Amino acid sequence: VIIVSSTFSIADYVLFIVQPRSVALKSWHALKTEMIIIFLISLAIINEKAGLMGDLIELSKDFDRKSKFIELTSSILNSVSRCRKITHRLLGFSKRIDIKIEPININHVINEVLDFLEKDVLYRKIDVTLILSGSLVTIESDHGQIQQILLNLLTNAFAAVEEFGAVEIESKNMDNGGVRVKISDNGCGIPPDVIKNIFDPFFSTKKEKGTGLGLSITYGIIKKLGGKISVDSKLGEGSVFTFELPEKPNDLEAIDG
Ligand SMILES: Nc1ncnc2c1ncn2[C@@H]1O[C@H](COP(=O)(O)OP(=O)(O)O)[C@@H](O)[C@H]1O
Ligand SMILES: [Mg+2]
């Protein structure tokens, strides 16, 4: 974003693109800047690793005296966040169609998903601890589906903790050849009357911020891959989600169907 700010300030760019068209489309230069910022926002949506969402958040902090600017950037950020949710869901969906069983080291997938979420970790100052087994067995499973499981569980853990919260991810070999992954947070915890519903589709306590699909999808995937998931939680202290995946799914045909 900084690179293209020659004569206009970032605030001008943002004010510009939300103006009525008749006023806005004054010159080629202006049109060009509009295209550039739309392009950058698209990039932010498509590739969060470009760090553009983070740049937008940082920029919005610098303009704290311009309330209009804050209002506009926060509306852009909301849209980006909505688009991001949709892309997550679409990615999960396309992966679900295209199931591929291959050798997988879950530690690699954990690092991949954390990479994907690095901006959340950074900006919310979450303390992530990895306790990954150095001798973790390779399992036969579906890479995209495991990404989806970890993305859902980590997104929930991050949502549950306050700023400076702590999330711990542990991987371990099981005696029977499979792998166990434990995701613990020191967040809000889950009340006993809520915990029985959390794996139900569309159950959410997050109002308009949640879809209530994460855990039900996660549960479905783990079952399909021949594993299991459990939860242990204490209100006000935190939650632990533990899932296990076998060395090999037993019934490959059931998975294809
Ligand atoms: N780590 C967690 N800490 C506290 N509550 C959680 C955690 N994970 C899940 N939950 C509860 O389970 C509900 C369902 O989760 P999920 O299916 O992922 O839907 P969503 O995240 O969209 O609400 C959440 O709304 C929340 O109440
Ligand atoms: Mg969720």
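Tutor: The model is predicted, so local features need pLDDT of at least 70 and side-chain atom pairs count only at pLDDT 80 or more, while totals for chains, interfaces and linings use all residues. Residues are numbered from 1 along each chain as its sequence is written, chains are lettered from A and ligands numbered from 1 in the order in which they are written, and side-chain values use heavy atoms, with hydrogens and water left out.

Student: Why is S141 called buried?

Tutor: Buried means under 20% relative accessible area, exposed over 50%, and partly exposed in between (1.4 Å probe, protein chains only). S141 has a relative accessible area of 1%, so S141 is buried.

Student: Which residues is S141 in contact with, leaving aside neighbours within four places in sequence?

Tutor: Contact means heavy atoms within 4.5 Å. By that rule S141 touches K100, I101, E102, I104, I146 and L225.

Student: What makes K100 and E102 a salt bridge?

Tutor: The term requires a side-chain nitrogen of Lys or Arg within 4 Å of a carboxyl oxygen of Asp or Glu. The N to O distance for K100 and E102 is 3.5 Å, so the pair meets the definition. E102 has 24% relative accessibility and therefore counts as partly exposed.

Student: How many salt bridges does a search of the whole structure find?

Tutor: The search finds 4. One of them joins R180 and E244, at 3.0 Å from N to O. This pair links distant parts of the chain, with R180 in strand β5 and E244 in strand β7, 64 residues apart. Strands here are DSSP runs of E with at least two residues, helices are runs of H or I with at least four, and both are numbered from the N terminus.

Student: Is E244 buried or exposed?

Tutor: E244 is buried, because its relative accessible area is 17%. R180, at 30% relative accessibility, counts as partly exposed.

Student: What makes a set of residues a nonpolar core?

Tutor: The members are buried Ala, Val, Leu, Ile, Met, Phe, Trp, Tyr and Cys residues joined through side-chain atoms within 4.5 Å. The largest such core has 36 residues, and I106, I146, L150, L154, V181, I183 and F243 touch the most other members. Helix α8 gives the most to this core, with 8 residues.

Student: Why would such side chains gather?

Tutor: In soluble globular proteins, nonpolar side chains tend to be buried together.
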